[in-house]
Amino acid sequence: MPRVLALMAHPDDIEITCAGTLILLKEAGWDVHMATMTAGDLGSSTMSAAAISRIRRREAAASAALLGAGYTCLGIEDLTIAHDARQKRIVTGLLRDVRPDLVITHPPVDYMADHEQTSYLARDAAFGSTIPNWKALPPVGVRARRAAPPCEHLPALLFADPIDLGTPSGARAAARYLVDISDVLERKAAMLAAHASQRAWLHEQHGEDEYLHWMRRIGVDRARDFARRGVTHAEGFVPYLGHAFPKDDVLTAALGKPRVKTLAI
């Protein structure tokens with residue numbers, strides 16, 4: 001059974017950016033694993049870091065359970081995700097445990113460094129996951145167990161859309177692949193709704209309200225690129241085609257051409 005790992009910085013990043021595609025891959029017979037670098041310990045202005053972390057871990061696990069997916073939190077603190085050797089070894093340990101055929105992560109350029117550093121870690125840990133002399137570490141707070149062996153092959157790597165489809169220059173982010181998620185949108189919304197602690201936080205901290213409506217608006221915006229009647233919501237991806245990584249169009253092979261549109265970048 002093919003397996004996809006969605007690795008993002010914080011609880012709810014996966015649901016906002018790529019949960020619709022994960023639902024479709026699950027329906028196509030893929031095993032799905034979701035992982036976050038942090039437990040979202042800064043995601044409250046009223047609770048302690050420990051208290052909100054416990055809540056957000058439960059919310060992330062509940063969201064994954066709606067999909068029948070596994071969930072792992074790697075235990076890094078918010079705003080401390082760094083492309084360093086220790087965190088790269090931790091992400092490598094995750095890759096060797098899950099052994100994915102496809103990894104979906106943040107784009108290398110996004111609105112905050114936690115997302116960007118996660119992207120770099122995912123790419124380099126994927127590369128290192130096949131190297132016998134590269135040592136992996138277990139997630140923070142997890143007792144070391146017998147290490148999984150190196151992976152047999154590199155996974156395909158996809159970068160999901162940046163938050164709000166925006167680039168630092170204010171331009172709209174380009175995508176190579178678009179996935180029509182119109183008919184699974186409400187299931188995606190249910191997964192995002194599992195993160196109940198975040199609606200109030202976003203409203204207070206960032207002036208964002210209508211948590212689920214915001215996600216839907218992003219999907220509508222990306223669906224404009226699909227330019228096909230009946231496609232109301234979409235998710236976008238850019239493949240990483242660096243040396244040694246697979247170049248196959250994994251999404252079209254798994255989901256079919258009616259579901260996936262390829263664009264020139």
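**Reading the sheet and its helices**

Tutor: Strand E5 (residues 156–160) and E7 pair in the antiparallel sense over three bridges. Two strands pair if DSSP finds at least two bridges between them. Helices (H or I, at least four residues) and strands (E, at least two) are DSSP runs, numbered from the N terminus. This is a predicted model, in which local features need pLDDT of at least 70 and side-chain atom pairs count only at pLDDT 80 or more, while totals for chains, interfaces and linings use all residues. Residues are numbered from 1 along each chain as its sequence is written, and side-chain values use heavy atoms, with hydrogens and water left out.

Student: Which residue in E7 stands opposite Phe 159?

Tutor: Val 238 does. E7 also pairs with strand E6 (residues 177–180), in the antiparallel sense and over four bridges. There, Leu 178 has Gly 236 of E7 as its bridge partner.

Student: How many of the six residues of E7 are buried?

Tutor: Buried means under 20% relative accessible area, exposed over 50%, and partly exposed in between (1.4 Å probe, protein chains only). Five of the six are buried, so E7 is largely enclosed by the rest of the structure.

Student: Is Gly 230 buried or exposed?

Tutor: Gly 230 has a relative accessible area of 54% and is exposed. This glycine lies in the loop between helix H8 (211–223) and strand E7 (234–239). Its C-alpha atom is separated by 9.7 Å from that of Asp 183, 47 residues apart along the chain.

Student: What is the order of strands in the open sheet?

Tutor: The eight strands are ordered E3-E2-E1-E4-E5-E7-E6-E8, with mixed pairing. Strand E3 (70–76) and strand E8 (260–262) are the edge strands, each pairing on one side only. On average, neighbouring strands of this sheet are turned by 25 degrees against each other, direction ignored.

Student: In which sense do E2 and E3 pair?

Tutor: Strand E2 (residues 31–38) pairs with E3 in the parallel sense over five bridges. Thr 38 has Ile 76 in E3 as its bridge partner. Helix H3 (residues 49–67) packs on the sheet and touches E2 and E3, its direction making about 155 degrees with that of E3. Contact means heavy atoms within 4.5 Å. Axes are lines fitted to C-alpha atoms, for helices over the stretch in contact, and angles run from 0 to 180 degrees between N-to-C directions. In E2, seven of eight residues are buried.

Student: What joins strand E1 to E2?

Tutor: Six bridges join strand E1 (residues 3–8) to E2, and the two run parallel. Ala 6 has Met 34 in E2 as its bridge partner.

Student: At what angle do the axes of H4 and H5 cross?

Tutor: Helix H4 (residues 85–98) and helix H5 (residues 113–128) cross at roughly 60 degrees, with axes that come within 8 Å. That makes H4 oblique to H5. Angles under 35 degrees count as roughly parallel, over 145 as roughly antiparallel, 65 to 115 as roughly perpendicular and the rest as oblique. Residues making the contact include Val 91 and Leu 95 of H4 and Leu 121 and Ala 125 of H5.

Student: Which residues of H2 and H6 meet?

Tutor: Ala 19, Gly 20, Ile 23 and Glu 27 in H2 meet Arg 187, Lys 188 and Met 191 in H6. Helix H2 (residues 19–27) packs against helix H6 (residues 185–193) at an angle of about 115 degrees, with their axes 9 Å apart.
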